[in-house]
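Visitor: I have a model open and would like to learn how to read its features. Where do we start?

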Amino acid sequence: MADVVFITEGDSLGARVLQMVESVVDQDHGSVALVFLIGVIFGGIIQYTRVDKFEKIAGFSMLKDTIVPKMLFLAVGLTSIALYFMIEAGGAHYHVKPIVLQGLIIGGVLFGISMAILGKCPGTGPISIAEGRIDVLIGAIGGVLGGLVFTLYYDDFFKPLMGESLGNGILPDLFPGHENMVVLIFGIVVTLIAIFIPKVELFDEADLSQLSDDQRPDKK
Amino acid sequence: MNRLPWWMGGILMSGLLLLTFSIFGADRAIGSSTYVPYFAGIIFDLDPEKYTYLKEIKNSGSWEGIMLFGALFGGFITSVFITKSFRISFIPTAWKTYKNNSVVSRLLWSFFAGFIMIIGARLAGGCTSGHFMSGMSQMAISAMIFGGVVMVTLIVTGRLFYNVKGKK
C-alpha cells in the first residue's frame with residue numbers, strides 16, 4: 001500500500017483522481033466496486049428508458065412528454081413505503097437534506113430554468129454525453145465552471161444567500177402518532193399520481209430511424 | 001424492444017434507490033450534482049484545505065465521482081449495444097422543431113444552462129436525484145419545496161422559451 005499512498009499524495013491530475021478513489025475507500029459507504037456498479041445500473045436504467053433525451057425533459061417542460069414525471073413519481077411512491085419500513089427495521093438510515101429556504105427556492109428556480117433549456121439534469125446529462133451528445137458536453141463544461149464559481153465564492157456570497165437551515169424535517173414528523181398512516185397515504189397517492197398522469201410522448205426521429213418497424217414505439 | 005416502459009424504469013430505479021440506502025449497500029442516498037464542484041476542484045487544482053466548500057463536499061463529491069464513472073460506462077454500453085442510440089450530434093431534433101436550427105445557438109444556451117444549473121443545484125443542496133428521488137422517498141420537506149419550485153419553473157420556462165404554439 002505504500003506505493004499507493006505515495007502516488008495519492010502527489011499533486012498531478014492523476015494523483016488528484018486517485019485521491020478521489022482513496023476518499024471513497026476511506027468512507028463507510030460501500031466499496032469502490034459497489035459504488036461504480038450503482039453508477040453502471042443508474043446509467044443503464046436511464047439510458048434504457050431513454051429519459052436522458054432532450055425530447056423527454058425539455059418535452060416535459062412543453063407538456064409534450066410525461067414519461068419523466070411518471071417514472072419519477074412511481075420510483076418515489078414505491079421507495080417511500082419500502083424505505084420507511086426498512087429504516088424502522090434498522091436496515092437503512094435517514095439522509096435528509098436541510099431546509100435552507102432561500103437556497104431551495106432560488107436554487108429551484110435556477111434549476112428549473114436550466115433543466116428546461118438544457119433538457120437534462122446533472123444525473124441524466126452524463127448519460128447523454130456517453131451516447132455522443134456534444135451539446136450536453138458543452139453544458140457540462142458550463143456546469144464545471146458553475147461549480148468552480150460556487151466553490152470560489154461560497155463563503156462570501158453563496159452560503160449567506162442560502163440562509164439558515166430550518167432543520168431536517170420529514171412529512172411524518174408533522175403528524176405525531178400517525179407516522180405509519182402518513183407514509184402509506186403518501187406512498188399510495190404518489191404512486192397513483194404516476195399512474196394517472198396522462199401518457200404523452202415526444203419521439204425523436206433520429207433515434208427511431210435506427211430501429212426496425214416492429215421495434216418502433218411510435219408505430220405500436 | 002429497445003427501451004423499457006416507464007413503469008419498469010420506475011420499479012428498477014426504486015430497487016436501485018433501496019439498494020443504495022440499505023446498510024448492505026452504500027448506506028447513503030443517491031445524488032448526482034455534488035461531483036461537479038468536486039471535479040472543478042480536481043480540474044482547476046484548487047487546494048481542498050483553502051476552500052470551505054471543498055472540505056464540506058470531500059466525501060459526497062468523491063462518492064458521486066466514482067458513481068458518475070460507472071454511469072458513463074453503463075450509459076455508453078447500453079447506448080451502443082441495447083438502445084443503439086449512440087451517435088455524435090450537436091443539436092437535438094426537438095430543438096430544431098421548437099427553437100431553431102442553429103448549432104451555435106444550441107451550444108451557447110447549453111453552456112449557459114449548464115452553468116446556472118450547477119449553481120442552482122448547489123444552492124438548493126441537491127438535484128433531481130438527491131432531492132426529487134432520494135429526498136422525496138424519505139418524505140423530506142426540503143425535497144418537496146425544491147420539487148414544487150422546479151416543476152413550476154420548468155413548465156413556465158418551457159412555455160416561454162420554446163415556440164410551442166401551432167405545432168403538434
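Visitor: What span does helix 2 of chain A reach from its first C-alpha to its last?

Guide: The general idea is to set the span of a helix against what its residue count predicts. In this predicted model, helix 2 of chain A covers residues 13-26, which is 14 residues. Its span is 20 Å, close to the 20 Å expected at 1.5 Å a residue.

Visitor: Which residues of helix 2 of chain A are buried?

Guide: M20(A), S23(A) and V24(A) are buried. They sit on the same side of helix 2 of chain A, because the arc they cover around the axis is only 100 degrees.

Visitor: What covers them?

Guide: The cover includes helix 3 (32-49) of chain A and helix 4 (58-81) of chain B. The face turned away from the buried side carries the exposed residues G14(A), V25(A) and D26(A).

Visitor: Now helix 4 of chain A. How many of its residues are buried?

Guide: Helix 4 of chain A (residues 54-61) has eight of its eight residues buried, so it is largely enclosed by the rest of the structure. The buried set includes the charged residues E55(A) and K56(A), and also F54(A), I57(A) and F60(A).

Visitor: What do the buried residues of helix 4 of chain A pack against?

Guide: Both chains contribute. From chain A there are helix 5 (67-88) and helix 6 (101-118), and from chain B helix 5 and helix 8. After helix 4 of chain A comes L63(A), with a positive phi near 60 degrees.

Visitor: How many residues of each chain are in contact with the other?

Guide: The contact involves 121 residues of chain B and 122 residues of chain A. On the chain B side, the elements that give two or more residues include helix 1 (6-21), helix 6 (103-124) and helix 8 (141-161) of chain B. By class, that side has 74 nonpolar, 39 polar and eight charged residues.

Visitor: Which residues have the most contacts inside the largest nonpolar core?

Guide: In soluble globular proteins, nonpolar side chains tend to be buried together. Here the largest nonpolar core has 111 residues, and those with the most contacts inside it are M71(A), A75(A) and M115(A). Helix 5 of chain A gives the largest share of this core, twelve residues. A75(A) touches residues of chain B, among them G10(B), M13(B) and L17(B).

Visitor: What does the secondary structure of chain A come to?

Guide: Chain A has eleven helices and zero strands. Its C-alpha atoms fill a box of roughly 60 × 55 × 40 Å along the principal axes. Of the 220 residues in chain A, 48% are buried. Among contacts in chain A with a separation of 6 or more, 60% join residues 24 or more positions apart.

Visitor: What is the mean pLDDT of chain A?

Guide: The mean pLDDT of chain A is 91, and 95% of its residues reach 70 or more. Over residues 1-6 of chain A the pLDDT is below 50, and this stretch has zero contacts in the model beyond near neighbours in sequence.

How values were computed. Residues are numbered from 1 along each chain as its sequence is written. Chains are lettered from A and ligands numbered from 1 in the order in which they are written. This is a predicted model: local features need pLDDT of at least 70, side-chain atom pairs count only at pLDDT 80 or more; totals for chains, interfaces and linings use all residues. pLDDT is the predictor's confidence in each residue, from 0 to 100. Two residues are in contact if their C-beta atoms, placed from the backbone, lie within 7 Å. Helices (H or I, at least four residues) and strands (E, at least two) are DSSP runs, numbered from the N terminus. The expected span of a helix is 1.5 Å times one less than its number of residues. A residue is buried if 20 or more other C-beta atoms lie within 10 Å of its own, exposed if 12 or fewer, and partly exposed in between; C-beta atoms are placed from the backbone. The arc is that of the directions from the helix axis to the C-beta atoms. A nonpolar core is a set of buried Ala, Val, Leu, Ile, Met, Phe, Trp, Tyr and Cys residues joined through C-beta atoms within 7 Å. Lists of a residue's contacts leave out its neighbours within four places in sequence.
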